[in-house]
Amino acid sequence: MRDDVDSVDARLAARLAELRAERGWSLEELAERTGLSRSTLSRTERAETSPTASLLNRLCAVYGRTMSRLLSEVEAEPALLVRAAEQPVWEDRSAGFVRRSVSPPHAGLRGELVEGRLAAGADIAYDRPPVPGLEQHVWVLDGALEITAQDVAHHLATGDCLRMRVWGPTRFRCAGPGDVRYALAVVLP
C-alpha cells in the first residue's frame, strides 16, 4: 500500500501547488493565510514531506474545500460505485490517523462518507473547519473516541453517534486502550 500512498502524496502536492497558483498567491501569502511556515508549504508542494491532517485542514480552510473534496481532486476520475479496494486511503502516520473516502465527494452532491481510524493515544486538533458550518455525523464503529467541539468534550463508545455543525476548533482523541474506527458523514452547508 505504501506505493499507492506515495502516489497520492505526489498528486496531492501537485494539486496544492495548482490551487495556490490559481489564486496567484506566493508561498509567503499562503503562509500568512494559513499560519504555516513557508518552508513547510514549499516542502509539501514539492512532495518532500507527507502533509499532516492538521496541515491539510488549514489548507482546505483557505481553499474552501473539505479534505475529502481535496483528496478526490487528486484521484483520476470519480465513480458512482467505489469498491472497497478502490476507495482512496490517506494516512497521517505521525498522528496515527488513517482516512478512507468511502463515498468520495461529487460536485453535484453535498454529502460524503468517510471512515476514520485513530491509533490508541492519537490526538488530532483542527484549528477551524475547512468550511464554516460544516455538518458532521460521527458514528463510532469500534472502540472509544473523545471529540471536543465548541469547548464541550463528548465521549463516544461503540455504537454512539454525535451530530454537530462545526464552526470553530475541534479535537479527535483516542485515549485507548485500543484503536478506534468510526464513520464520518460530512454534509456541506
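This is a predicted model: local features need pLDDT of at least 70, side-chain atom pairs count only at pLDDT 80 or more; totals for chains, interfaces and linings use all residues.
Which residue in β10 stands opposite G116? The residue is Y182.

## The open sheet

Six strands make up an open sheet, and their order is β1-β2-β3-β10-β5-β8. The pairing in this sheet is antiparallel. Its edge strands are β1, spanning residues 89–92, and β8, spanning 161–166, each of which pairs on one side only. From one strand to the next, the twist averages 20°.

## From β2 to β3

Strand β2 covers residues 97–103 and strand β3 covers residues 111–118. The two run antiparallel and are joined by six bridges. Individual pairs can be located along them: F97 has L118 of β3 as its bridge partner, while the partner of R100 in β3 is E115.

## β10 and its two neighbours

Strand β10, residues 180–187, runs antiparallel to β3, and eight bridges join the two. E115, already named as the bridge partner of R100, also stands opposite A183 in β10.

β10 is mostly covered, with six of its eight residues buried.

## Two residues in their surroundings

S101 belongs to strand β2. Is S101 buried or exposed? S101 counts as buried because its relative accessibility is 4%, and the cut-off for buried is under 20%. Residues up to four places away in sequence aside, S101 touches S68, Q87, P88 and L113.

A185 is a residue of strand β10. Its relative accessible area is 23%, so A185 is classed as partly exposed. When neighbours within four places in sequence are set aside, A185 is in contact with E112, L113, E135, Q136 and H137.

## Cysteines

How many disulfides does a search of the whole structure find? The search finds zero. For C161, the closest cysteine sulfur is that of C174, and the sulfur of C161 lies 18 Å from it, which is too far for a bond. A disulfide would require the two sulfur atoms to be within 2.5 Å.

Another cysteine, C60, has a relative accessible area of 2% and is therefore buried.

Terms used: Residues are numbered from 1 along each chain as its sequence is written. Side-chain values use heavy atoms; hydrogens and water are left out. Two strands pair if DSSP finds at least two bridges between them. Helices (H or I, at least four residues) and strands (E, at least two) are DSSP runs, numbered from the N terminus. Axes are lines fitted to C-alpha atoms, for helices over the stretch in contact, and angles run from 0 to 180 degrees between N-to-C directions. Buried means under 20% relative accessible area, exposed over 50%, partly exposed in between (1.4 Å probe, protein chains only). Contact means heavy atoms within 4.5 Å.
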